[in-house]
Amino acid sequence: MFRSRLLALAFPALLAAWLPAQAQLPAPVVSALRSTTIPEEALSAVVLRDNQTVLSHLADRPVHPASTMKLITTLVSLDVLGPVFRGRTELRSNGQVQGDTLKGDLVLRGGADIDFTTEALSTMLRSLRYQGIRRIDGNLVLDRQLFNPARADLGAPPFDESPESYYNVIPDALLLNKNMLQLDLRSTSGRLKIAALPEMDGVTVESDMRLVNGDCGNWDAGWQHPDVQTGADGRLRVMLHGTFPKNCVASESINVVDRQEYVGRMVRTAWSALGGTIDGSTIEGAAPSDAKLLAEHVSRALPELVRDTNKPSDNLLARTLFLSLGALAPDPVLGSRPLPGSLEPTLTRAQATVRTWLRAHGIDDTGLVLENGSGLSRIERVTPVQLAGVLLAGQRSNWAPEFQASMPIVAIDGTMRRRLHDSPAAGRARMKTGTLKNVVALAGYVPDASGRQCVVVAMINSDLVSNGRGRTVLDTLVDWVARMDGPQPAQPVQPVQPIQALSAAPALPAAQPVPATQP
């Protein structure tokens with residue numbers, strides 16, 4: 001339970017949020033629920049204003065939050081890691097330079113640098129050439145050891161039917177170009193031409209896709225999961241399958257090349273373009289303790305990464321930040337540095353960091369289920385009251401401007417750009433969206449008609465949310481809050497009973513995924 005003294009000092013509004021589940025819903029919301037046939041018990045919501053609870057409906061029930069879970073990950077990251085935090089990528093070696101030869105292994109060490117691209121890699125390798133190095137007389141060692149396990153993607157079952165899609169990329173500490181292969185597809189009435197970037201040594205893209213008469217706007221209707229074939233000579237052939245419309249142009253990014261092959265071949269391609277050679281093999285390992293720094297790249301500062309996480313609802317960025325909470329500490333000079341080593345899984349350490357932060361802010365974490373911090377999960381659960389507590393903490397955080405600036409502006413940008421254009425919330429409210437096959441959610445800040453800031457959290461877990469019906473209900477609630485004026489009847493604070501275990505909560509459907517970047 002909450003620590004009452006801490007609550008009284010820090011979050012008086014949050015205590016008022018713990019109300020009976022029978023609180024009456026606004027008439028427009030009830031009407032929207034009836035018109036969409038979504039039952040009232042599928043909706044969990046809370047609205048807070050001026051330290052008063054305006055609305056509380058099943059608000060203490062753990063439900064699936066979808067991508068609104070990213071609000072927890074990003075605010076905790078800002079508070080724990082700080083605004084100058086940056087991920088790092090390093091080139092290191094304990095070998096000696098003799099003439100133009102590095103006598104030893106070259107280690108590429110990952111440090112959760114989400115901005116590590118082909119251009120950044122080329123700049124780092126060019127630094128080696130400026131130091132007079134042309135030949136690497138040793139192996140190329142790829143160091144992903146910052147996260148435990150280093151390769152969580154290996155053996156992981158596909159989350160859904162589109163494992164090649166960007167939103168499904170599982171992070172590691174050394175991702176280059178986010179492991180994506182960018183395709184340009186152009187067809188005539190009888191031929192399909194494919195170009196791929198980045199170019200990698202020994203990797204080609206081919207296709208057995210059939211050209212059909214179809215709508216270019218729906219070109220991916222016939223798309224099938226690509227596969228990678230390895231030849232006897234070690235070359236990789238990416239094969240595209242399915243159908244493609246005639247006389248169309250499209251682009252797609254796919255995650256199909258194993259990241260060990262991806263990074264290793266990219267390093268060799270870029271190094272060769274600079275006139276360099278690597279004698280040894282590409283292996284995975286850890287940088288020796290005495291390895292010296294030869295070149296480095298750092299990501300953008302954390303507030304920029306938080307913005308790029310929340311505005312488009314980027315799962316890979318959210319998951320990388322979540323893992324960083326269990327693996328990295330802020331450093332005012334370097335941007336970040338590894339935490340002391342531990343045999344504990346990085347996810348476990350990150351989950352503990354989040355729970356510690358919640359408790360320090362007087363937020364009871366009973367019933368909270370954390371997995372990867374992005375909401376792209378079938379098991380993550382949070383109560384609207386808990387998420388409202390996070391949003392209240394976000395208002396009081398030293399980094400409140402950065403946090404609020406990361407959230408989509410209603411009817412303006414991010415995943416809210418196409419919604420509520422005719423509402424007074426347009427251009428004023430900042431709301432994080434969440435979407436899975438049977439989940440829709442909204443959470444954020446909505447000014448009422450007199451400009452007073454309201455905290456709004458609403459989630460629907462139901463098989464009936466498809467075809468925009470769930471969004472209609474949630475948008476109706478946001479619009480109601482934005483039009484609200486004058487004091488609302490204050491609901492009485494009642495004694496709080498502990499949340500029961502998840503198994504005792506009302507049954508909810510298991511969340512099924514759709515791309516979480518949908519608006």
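Colleague: What joins the side chains of Arg 144 and Gln 260?

Modeller: A polar contact of 3.0 Å joins them. The cut-off for such a pair of N or O atoms is 3.5 Å, so 3.0 Å qualifies. Keep in mind that this is a predicted model.

Colleague: Where does Arg 144 lie?

Modeller: Arg 144 is in the loop between strand 8 (140–143) and strand 9 (181–187).

Colleague: Why does Arg 144 count as buried?

Modeller: Its relative accessibility is 0%. Buried means under 20%, therefore Arg 144 counts as buried. Apart from neighbours within four places in sequence, Arg 144 is in contact with several residues, including Asp 172, Arg 259, Gln 260 and Glu 284.

Colleague: Why is Arg 88 called buried?

Modeller: Arg 88 has a relative accessible area of 7%. The limit is under 20%, so Arg 88 is buried. Arg 88 lies in strand 3.

Colleague: With which side chain does the side chain of Arg 88 make a polar contact?

Modeller: With the side chain of Glu 296, at 2.4 Å. That is within 3.5 Å, so the pair is called a polar contact. A polar atom of the Arg 88 side chain also lies 3.2 Å from the backbone oxygen of Leu 334. Both Glu 296 and Leu 334 are among the residues in contact with Arg 88, leaving aside neighbours within four places in sequence.

Colleague: What separates Arg 88 from Arg 109, along the chain and between C-alpha atoms?

Modeller: They are 21 residues apart along the chain, and their C-alpha atoms are separated by 8.5 Å. Arg 109 is also one of the contacts of Arg 88.

Colleague: How do you know that the span of helix 5 is close to the expected one?

Modeller: Helix 5 (residues 118–130) has 13 residues, and 18 Å is expected at 1.5 Å a residue. From its first C-alpha to its last, helix 5 reaches 18 Å, close to that value.

Colleague: Which residues of helix 5 are buried, and what covers them?

Modeller: Thr 118, Ala 120, Leu 121, Ser 122, Met 124, Leu 125 and Leu 128 are buried. The cover includes strand 3 (88–93), strand 6 (106–111), helix 6 (259–273) and strand 18 (292–298). In general, an α-helix has 3.6 residues a turn, so residues three or four places apart point the same way.

Colleague: What follows helix 5?

Modeller: Gly 132 follows helix 5, and its phi is positive, near 90°.

Colleague: What makes strand 2 and strand 21 edge strands?

Modeller: They belong to an open sheet of 5 strands, in the order 2-1-23-22-21 with antiparallel pairing. Strand 2 (52–57) and strand 21 (430–436) each pair on one side only, and they are the edge strands.

Colleague: How do you know that strand 1 and strand 2 pair?

Modeller: Pairing needs at least two bridges, and strand 1 (residues 43–49) and strand 2 have 5, so they pair, in the antiparallel sense. Val 46 stands opposite Ser 56 in strand 2.

Colleague: Which helix packs on the sheet?

Modeller: Helix 10 (residues 384–396) does, touching strand 1, strand 22 (439–447) and strand 23 (453–461). The direction of helix 10 makes about 150° with that of strand 23.

Colleague: How many helices and strands are there in the chain, and what share of its residues is buried?

Modeller: The chain has 12 helices and 23 strands. Of its 519 residues, 55% are buried.

Note on methods: Residues are numbered from 1 along each chain as its sequence is written. This is a predicted model: local features need pLDDT of at least 70, side-chain atom pairs count only at pLDDT 80 or more; totals for chains, interfaces and linings use all residues. Side-chain values use heavy atoms; hydrogens and water are left out. Helices (H or I, at least four residues) and strands (E, at least two) are DSSP runs, numbered from the N terminus. Buried means under 20% relative accessible area, exposed over 50%, partly exposed in between (1.4 Å probe, protein chains only). A polar contact is a pair of N or O atoms within 3.5 Å; within protein, one must be able to donate a hydrogen and the other to accept it, and residues adjacent in sequence count only if both atoms are side-chain atoms. Contact means heavy atoms within 4.5 Å. The expected span of a helix is 1.5 Å times one less than its number of residues. Axes are lines fitted to C-alpha atoms, for helices over the stretch in contact, and angles run from 0 to 180 degrees between N-to-C directions.
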